[in-house]
Amino acid sequence: MTIALITGANKGIGFEIARQLGTGGATVLLGSRDAARGKAAAATLPDIDVHVVQVDVTSGASIAAAAAWIDATHGRLDVLVNNAGIAVDREYRPSTVPLDTLRATYETNVFGVVAVTNGMLPLLRRSPAGRIVNLSSALASLTMSSQPEPPWGRDLLHLAYMSSKTALNAVTLQYAAELRDTPILVNAADPGYCATDLNDWQGFQSAADGARIAVELATLPAGGPSGTFRSATGPVPW
Ligand code: NAP
């Protein structure tokens with residue numbers, strides 16, 4: 001039985017990743033920073049084996065408590081999906097971005113991923129086939145950003161969010177390198193532009209569509225790729 005923890009799984013793409021992994025037979029540890037929101041979400045998944053794990057990725061104490069509970073209850077972790085993320089800047093230009101916005105964004109999207117990954121790594125090392133999936137974004141791609149006409153329009157300025165996801169891609173490669181000689185595969189997923197609270201429901205795909213690539217990377221077979229950045233349509237340029 002695969003044990004899978006998904007952070008920020010009380011709604012949006014994370015909830016759909018939880019639902020799809022659970023439907024595929026995994027025991028789902030539905031991460032939610034707010035226990036009540038997590039319980040409400042879990043209650044809508046009556047047909048899967050789901051347990052709410054309170055985890056705020058910016059709180060070392062909550063990460064440690066979550067890891068201790070998983071250790072005591074399951075003794076290992078097979079899949080970690082670092083899904084929790086925020087986009088609190090709205091088209092802020094680099095010249096005007098409040099530093100607090102930048103710090104808050106990195107705290108969740110970058111440092112939170114490192115903190116949760118390091119908290120869960122001892123449990124993932126006990127899995128015969130550990131998988132780590134980081135929810136990135138096409139907006140992280142320096143290759144695409146530096147095109148004269150990037151696919152999302154040349155005027156999109158989103159310093160905090162975009163650079164945090166670029167940093168997350170670098171973090172993904174660092175873990176893939178360190179864990180190269182272990183069974184743990186570490187990859188970044190681009191879910192595509194999905195209608196969720198994160199973007200005021202502007203996305204043109206569903207959260208369920210966006211979840212699929214993360215689920216694919218979370219269930220890679222042994223010997224599968226590590227250190228890649230992928231969307232549903234294939235590799236995304238770094
Ligand atoms: P969403 O609907 O806003 O959900 C975000 C989730 O993250 C919520 O469960 C939220 O919890 C949680 N979260 C935020 N801060 C947290 C913290 N400190 N600790 C724990 N959980 C926290 O967003 P989404 O669109 O599903 O996004 C999920 C991931 O996909 C994010 O990493 C995002 O950057 C990425 N992504 C999304 C899109 C898109 O088009 N939607 C595109 C590319 C990448 P609360 O409910 O408590 O706030």
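The legends below describe close-up views of a predicted model and the ligand placed in it.

Because the model is predicted, local features are given only where pLDDT is at least 70 and side-chain atom pairs only at pLDDT 80 or more, whereas totals for chains, interfaces and linings use all residues. Residues are numbered from 1 along each chain as its sequence is written, and side-chain values use heavy atoms, with hydrogens and water left out.

View 1. The ligand is surrounded by 29 residues, of which N10, R33, Y161, C194 and T196 are the closest; a residue counts here if one of its heavy atoms lies within 4 Å of the ligand. The side chain of T196 places a polar atom 2.5 Å from an oxygen atom of the ligand, and an N or O atom in the side chain of Y161 is 2.6 Å from a ligand oxygen atom. In the side chain of D56, an N or O atom lies 2.9 Å from a nitrogen atom of the ligand. On its own the ligand has 900 Å² of accessible area, and the protein covers 95% of this; accessible areas come from the Shrake-Rupley method with a 1.4 Å probe, and for residues only the protein chains shown count as cover. Helices α1 (12-23) and α6 (159-178) are the elements that give two or more residues to the shell around the ligand, where helices (H or I, at least four residues) and strands (E, at least two) are DSSP runs numbered from the N terminus. Sorted by class, the shell holds 11 nonpolar, 12 polar and six charged residues; Ala, Val, Leu, Ile, Met, Phe, Trp, Tyr, Cys and Pro count as nonpolar, Asp, Glu, Lys and Arg as charged, and the others, Gly among them, as polar.

**View 2. T105 in helix α4.** T105 belongs to helix α4, which spans residues 99-124. With a relative accessible area of 0%, T105 is buried, a term that means under 20%, while exposed means over 50% and partly exposed lies in between (1.4 Å probe, protein chains only). Beyond its neighbours within four places in sequence, T105 is in contact (heavy atoms within 4.5 Å) with I86, V88, V110, A160, Y161 and S164.

View 3. A nonpolar core is a set of buried Ala, Val, Leu, Ile, Met, Phe, Trp, Tyr and Cys residues joined through side-chain atoms within 4.5 Å. The largest one has 31 residues, and those touching the most other members are I6, I17, L21, V28, L30, V81 and V133. Among the elements that give two or more residues to this core are β1 (3-6), β2 (27-32) and β4 (79-82), but the largest share, seven residues, comes from α7. L21, apart from residues up to four places away in sequence, touches A4, I6, A26, V28, V79, V81, V215, A218 and T219. A second, separate core of 26 residues includes V57, A66, A67 and Y175. In soluble globular proteins, nonpolar side chains tend to be buried together.

**View 4. A18 in helix α1.** A18 is found in helix α1 and counts as buried, at 0% relative accessibility. Leaving out neighbours within four places in sequence, its contacts are I6, A9, V28 and I48.

**View 5. N134 in strand β5.** N134 lies in strand β5 and is buried, with a relative accessible area of 1%. The side chains of N134 and N82 make a polar contact at 2.9 Å, that is, a pair of N or O atoms within 3.5 Å in which, within protein, one must be able to donate a hydrogen and the other to accept it, residues adjacent in sequence counting only if both atoms are side-chain atoms. Besides N82, the residues in contact with N134, leaving aside those within four places in sequence, are V113, L168, T172, N187, A188 and A189.

**View 6. D200 and W201 in the loop between β6 and α7.** Both D200 and W201 lie in the loop between β6 and α7. Phi of D200 is positive, near 55 degrees, in a residue other than glycine, and W201, also not a glycine, has a positive phi of about 60 degrees. W201 is exposed, with a relative accessible area of 55%.
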